[in-house]
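Thank you all for coming. I would like to take a few minutes to walk through one structure, looking at what lies inside it and at what surrounds those parts.

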Amino acid sequence: MSTLLNRRQMLGACAAGASALCLPSLTQAKPANTKIKTFTFKKVGNLEIKADVHRADDNKTRPVMVWFHGGALIVGHRGGVSGRVLNDMLNAGYTVVSFDYRLAPETKLPEIIADLEDGFTWLHEQGPELFNVDTSKVAVSGGSAGGCLTMIAGYRAKPRPTVLVPFWGYGDLIGDWIGKPSPHARHQTDFTKKEAYEQVGGSPIADSRDSKKNRGAFYQYCRQHGIWPKEVAGWDHHRQPEKFYPYMTLKNVTKEYPPTLMVHGTKDTDVPYEQSVLMAEQLKQHGVEHKLVTIPGGEHGLAGGDPKLIDDAYQQAFQFMHERMS
């Protein structure tokens with residue numbers, strides 16, 4: 001069984017969108033004289049929930065961007081920051097705060113979102129003193145599930161963020177794309193139900209590096225069988241869809257929602273491109289400033305897209321963010 005897990009570990013992580021290693025290699029050089037410091041922003045029982053703060057090694061007050069990692073809310077950790085995003089933000093003078101949050105299925109959706117909310121409270125109350133940031137404006141970004149959390153932050157974080165840049169994110173948690181068995185090869189696994197459920201369970205976890213099991217394989221099993229919503233939230237999405245609504249951005253856009261730029265590939269088989277189209281429609285309906293940057297032929301993480309278009313997409317995203325933060 002250990003050989004089986006080793007062989008599948010990388011595939012499971014990439015399928016869940018868990019690692020920056022699954023993204024296009026489009027990073028810029030990291031600026032000199034930067035530092036990383038880890039803080040515990042919340043404790044639940046014996047579990048410490050942490051944040052990594054990346055910033056220039058100086059005493060200057062800097063603008064701040066929050067990052068949420070991907071991984072289907074099941075796998076991943078605060079170290080999974082896109083290298084491209086991190087380096088561009090540091091080069092532009094930002095401090096980047098990357099949050100952990102408790103992972104499903106051991107922790108269910110309401111408590112995961114409570115971690116998000118508490119992270120922003122901690123940032124505003126303690127960030128200026130602990131790591132010298134200006135929290136009068138806050139940018140938020142993330143990819144895949146991190147893009148989902150970025151969107152949720154637009155109405156659940158208090159005060160509201162200034163600008164959102166979700167990459168291949170989603171605002172729907174119960175649609176057929178995720179609530180029914182997936183036809184895509186990336187979601188198929190030969191793990192049995194017993195083997196899949198052996199990868200999770202037990203005490204709550206907020207950093208999948210603390211587990212030696214293949215949580216990505218559990219995600220694949222959930223998508224293969226259309227049970228992701230129930231495993232993440234604990235509710236039957238067919239019988240009780242309304243229970244998901246407070247956590248679905250598609251149901252919570254108002255005119256006060258922050259300006260949002262989305263980046264998505266048209267051939268994404270993990271999070272369909274339609275998810276960003278639906279969000280754009282909601283934002284337009286409510287008069288919210290927004291933009292959808294499309295990468296033709298781009299898979300999850302934009303793999304297979306035109307490198308020039310991908311580079312331009314990131315530049316548009318950064319420019320959109322900078323203009324609203326300045």
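Let me begin with phenylalanine 120 in this predicted model, which, if we set aside residues up to four places away in sequence, touches Val66, Phe68, Phe99, Val138, Val140, Ala153, Ala157 and Pro161. Phe120 also belongs to the largest nonpolar core, a set of 64 residues, where it is listed with Leu123, Leu173 and Trp228 as having the most contacts inside that core. Helix α3, which spans residues 109–131, supplies the largest share of this core, namely eight residues. Another core, of 27 residues, lies apart from that one, and among its members are Val293, Ile295, Leu302 and Ile310.

The buried residues here are Arg84, Val85, Leu86, Asn87, Asp88, Met89 and Leu90, and what covers them includes the strands β1 (34–44), β2 (47–56), β3 (62–68), β4 (95–99) and β6 (163–167), together with helix α10 (307–325). Just after α2 comes glycine 93, which takes a positive phi of about 95 degrees.

Finally, a residue in a loop: is serine 208 buried or exposed? Serine 208 is found between α6 (193–197) and α7 (215–225), and because its relative accessibility is 12%, it counts as buried, the cut-off being under 20%. Leaving aside neighbours within four places in sequence, serine 208 is in contact with Val75, Gly76, His77, Leu103 and Arg215.

How values were computed
Residues are numbered from 1 along each chain as its sequence is written. This is a predicted model: local features need pLDDT of at least 70, side-chain atom pairs count only at pLDDT 80 or more; totals for chains, interfaces and linings use all residues. Side-chain values use heavy atoms; hydrogens and water are left out. Buried means under 20% relative accessible area, exposed over 50%, partly exposed in between (1.4 Å probe, protein chains only). Helices (H or I, at least four residues) and strands (E, at least two) are DSSP runs, numbered from the N terminus. Contact means heavy atoms within 4.5 Å. A nonpolar core is a set of buried Ala, Val, Leu, Ile, Met, Phe, Trp, Tyr and Cys residues joined through side-chain atoms within 4.5 Å.
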